[in-house]
Amino acid sequence: QVQLVESGGGLVQPGGSLRLSCAAPGTIFMRLYVMGWYRQAPGKQRELVATISSGGNTNYPDSVKGRFTISRDNAKNTVSLEMNSLKLEDTAVYYCNAARGTYEYWGQGTQVTVSV
């Protein structure tokens, strides 16, 4: 079962930008969760890209800090990831995640390919 739905992936050149969106089709109210974006490239482990708490606090790893921005729109019940200055190493499947205590939900992923 798909609990979260990502969209916005695609092909982009190095230095370009892309905006990903995450929506909850069912009963997940994102304002109650820590929301996160993860990514996984072929042959590599899944890694955390960004998180945003219910209070709006954000965290980013050094690899994307200053380039990626996570945000939430509680009225629309969506979470976005704005990606700028994209690099080849950003190529991966990007997943949306919602977590609250022992509860965890995932999307199906959306492909982001950065290529010349």
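Visitor: Let's start with Gly8. Which residues is Gly8 in contact with, leaving aside its neighbours within four places in sequence?
Guide: Gly8 is in contact with Leu18, Arg19, Leu20 and Thr110 once those neighbours are left aside. Contact here means heavy atoms within 4.5 Å.

Visitor: Before I go on, what am I looking at?
Guide: This is a predicted model, so local features need pLDDT of at least 70 and side-chain atom pairs count only at pLDDT 80 or more, while totals for chains, interfaces and linings use all residues. Residues are numbered from 1 along each chain as its sequence is written, and side-chain values use heavy atoms, with hydrogens and water left out.

Visitor: Thanks! Where is Gly8 found?
Guide: Gly8 sits in the loop between strand S1 (5-7) and strand S2 (10-12). Strands (E, at least two residues) and helices (H or I, at least four) are DSSP runs, numbered from the N terminus.

Visitor: And why does Gly8 count as partly exposed?
Guide: Its relative accessibility is 34%, so Gly8 counts as partly exposed. Buried means under 20% relative accessible area, exposed means over 50%, and partly exposed is in between, with a 1.4 Å probe and protein chains only.

Visitor: How far is Gly8 from Ser80, C-alpha to C-alpha?
Guide: The two C-alpha atoms are separated by 9.6 Å, although Gly8 and Ser80 are 72 residues apart along the chain.

Visitor: OK, zooming out. How many helices and strands are there in the chain?
Guide: The chain has 0 helices and 11 strands. Its pattern along the sequence reads β-β-β-β-β-β-β-β-β-β-β.

Visitor: What about the overall dimensions?
Guide: Along its principal axes, the C-alpha trace spans about 40 × 30 × 25 Å. The radius of gyration of the chain is 13 Å, which agrees with the value near 13 Å for a compact globule of 116 residues. That radius is taken over C-alpha atoms, and the globule rule is 2.2 Å times the number of residues to the power 0.38.

Visitor: How much of the chain is buried?
Guide: Of its 116 residues, 41% count as buried. The chain exposes about 6,300 Å², and carbon and sulfur atoms supply 49% of that. These accessible areas come from the Shrake-Rupley method with a 1.4 Å probe; for residues, only the protein chains shown count as cover.

Visitor: Can we look at strand S5 now? Is Ala50 buried or exposed?
Guide: Ala50 lies in strand S5 and counts as buried because its relative accessibility is 0%. Beyond four places in sequence, Ala50 is in contact with Met35, Gly36, Trp37, Asn59, Tyr60, Ile70 and Leu81.

Visitor: And Thr51?
Guide: Thr51 is in strand S5 too, and at 15% relative accessibility Thr51 counts as buried. Not counting residues up to four places away, Thr51 touches residues including Val34, Asn57, Thr58 and Ile70.

Visitor: What's going on at Ser53?
Guide: Ser53 is in the loop between strand S5 (47-52) and strand S6 (58-59). Ser53 is buried, with a relative accessible area of 19%. Apart from neighbours within four places, its contacts are Tyr33, Val34 and Arg72.

Visitor: Switching topic: which residues have a positive phi without being glycine?
Guide: One of them is Asn77, with phi near 55°. Asn77 is in the loop between strand S7 (68-73) and strand S8 (78-83), and is buried at 16% relative accessible area. Ser85 is another, with phi near 50°. Ser85 lies in the loop between S8 and strand S9 (92-100), and is partly exposed at 41%.

Visitor: Last one: how many cavities of 30 Å³ or more are there?
Guide: The count is 1 cavity of 30 Å³ or more. On a 1 Å grid over the protein atoms alone, a cavity is a set of points where a 1.4 Å probe fits but cannot get out, and lining residues have an atom within 4 Å of a point. Grid points are joined across faces, edges and corners, and a volume is the space filled by probe spheres set on the points.

Visitor: What is the volume of the largest cavity, and which residues line it?
Guide: The largest cavity has a volume of about 60 Å³. Arg39, Gln40, Ala41, Lys44, Gln45, Glu47, Glu89, Thr91 and Ala92 line the largest cavity.

How values were computed:
On a 1 Å grid over the protein atoms alone, a cavity is a set of points where a 1.4 Å probe fits but cannot get out, and a pocket is an open set with protein on both sides within 12 Å along at least five of seven lines; lining residues have an atom within 4 Å of a point.
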